[in-house]
Amino acid sequence: MKTQVLPVNEESIALAANLLRQGELVALPTETVYGIAADARNGEAVKKIFEAKGRPQDNPLIVHICGMEMLEGIVSEVPERARKLADAFWPGPLTMVMPKGPEVSPVTCAGLDTVGVRMPSHPVVQAVIRASGVAFAAPSANLSGKPSPTNAADTLTDMDGRLPLILDGGESAVGVESTVVAVTGEHPMILRPGYVTREQMEQVLGEPVLISHAILEKLNDGEVARSPGMKYKHYAPKAEVTIVKGSFSAYTEYVRQHTAPGVWALCFDGEEAVLPVPCVSYGRENDGASEAHRLFTALRELDKNGARVVYARCPRSDGVSMAVYNRLIRAAAFRVVEV
């Protein structure tokens, strides 16, 4: 299969819409990361996503819509909490897990009785949904386990020959996947952190928002992944990544003691000159938004430079930084050293 990469215009959007209606895949930009789209109602089309990514089929996908009216048939119920959060954060980088409706393929939901839905704010996604009339399932457009792509070039690196079309809409603004929150239990619960934070949702809902233990820890044996991004290892470069917790001086000394060929540092902006090994920075320290925007690009850059071992500066684990720490700890397969 030949993969076309096309700039966004009326013709390429019409082509993407036609491919989706025919049960084919399209990779396209969202405000979070680039995604691979297929008609969420068409199980055979959705299976092609799992094949293109090499993704385990017990890992559910998120359905993307462009208006509240599209929830009909996608979900069987819209809880009041979901309406409040939609008013505050849709369109935007928030996914809500609700009871599954009759129109969604079981393949999309990995056999679960719930479905994650979001209304992206990126104009390209909205245009393709409107032109196609298709609510589509769309995970990140990377090979399973690798860092998610935030531009068309990185999408092509992973997906060349695996799908017919990539729409090039420039760099994704956010840089990490959407926040996922379940809104059906006794309390709302974050299953995957993202740009919309716990504190923001609590302010809108006027009640506590819980955080799943699987955000910062491994899933227990036999525990079902209720959201994308809950598996043991995700977002990982080829190198072995270890997170190093501690002050910058302690981190620098630790890296100095472990210097060897192929060792790289993943650090914050402005720290490169002090470190004794080659470095890639991933944003400003204590600035979750800049770290989120840069993280996946930095991890891919380490691959391009042939890094074999990476010692990563540890971000905070609150606010938007919780999303960064969540992605990084999975990229490191939960290897963390305190210094």
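Me: Ala-110 lies in the loop between S5 and strand S6 (114-118). Why is Ala-110 called partly exposed?

Reply: This is a predicted model, in which local features need pLDDT of at least 70 and side-chain atom pairs count only at pLDDT 80 or more, while totals for chains, interfaces and linings use all residues. Residues are numbered from 1 along each chain as its sequence is written, and side-chain values use heavy atoms, with hydrogens and water left out. Buried means under 20% relative accessible area, exposed means over 50%, and partly exposed is what lies in between (1.4 Å probe, protein chains only). Ala-110 has a relative accessible area of 23%, and is therefore partly exposed. Ala-110 also has a positive phi of about 55°, although it is not a glycine.

Me: What makes Asn-286 partly exposed?

Reply: Its relative accessible area is 48%, so Asn-286 counts as partly exposed. Asn-286 sits in the loop between strand S14 (279-281) and helix H8 (288-304), where helices (H or I, at least four residues) and strands (E, at least two) are DSSP runs numbered from the N terminus. Asn-286, too, is not a glycine and has a positive phi, of about 65°.

Me: How do you know whether Thr-155 is buried or exposed?

Reply: The relative accessible area of Thr-155 is 0%, so this residue is buried. Thr-155 is found in helix H5, and, leaving aside its neighbours within four places in sequence, it is in contact (heavy atoms within 4.5 Å) with Ala-27, Tyr-34, Ala-141, Pro-149 and Ile-166.

Me: What makes the pair of Glu-24 and Lys-48 a polar contact?

Reply: A polar contact is a pair of N or O atoms within 3.5 Å; within protein, one must be able to donate a hydrogen and the other to accept it, and residues adjacent in sequence count only if both atoms are side-chain atoms. The side chains of Glu-24 and Lys-48 are joined at 3.3 Å, and so the pair falls within that limit. Glu-24 belongs to the loop between helix H1 (10-21) and strand S2 (26-29), and at 25% relative accessibility it counts as partly exposed.

Me: Which residues of helix H2 are buried, and what do they pack against?

Reply: In H2 (residues 43-53), the buried residues are Gly-43, Ala-45, Val-46, Ile-49, Phe-50, Ala-52 and Lys-53. The buried residues of H2 pack against S3, strand S7 (136-137) and helix H5 (152-159). At the start of H2, a side-chain oxygen of Asn-42 comes to within 3.1 Å of the backbone nitrogen of Glu-44, and Gly-54, with a positive phi near 65°, follows the helix.

Me: How do you know that the radius of gyration of the protein chain agrees with that of a compact globule?

Reply: The radius of gyration is taken over C-alpha atoms, and the globule rule is 2.2 Å times the number of residues to the power 0.38. For 339 residues a compact globule would have a value near 20 Å, and the protein chain has 20 Å, so the two agree. Buried residues make up 59% of the 339 residues in the protein chain, and the C-alpha trace spans about 60 × 50 × 35 Å along its principal axes.

Me: What joins Trp-90 and Pro-91?

Reply: A cis peptide bond joins them, with omega about -5°. Pro-91 is found in the loop between helix H3 (80-89) and strand S5 (94-99).
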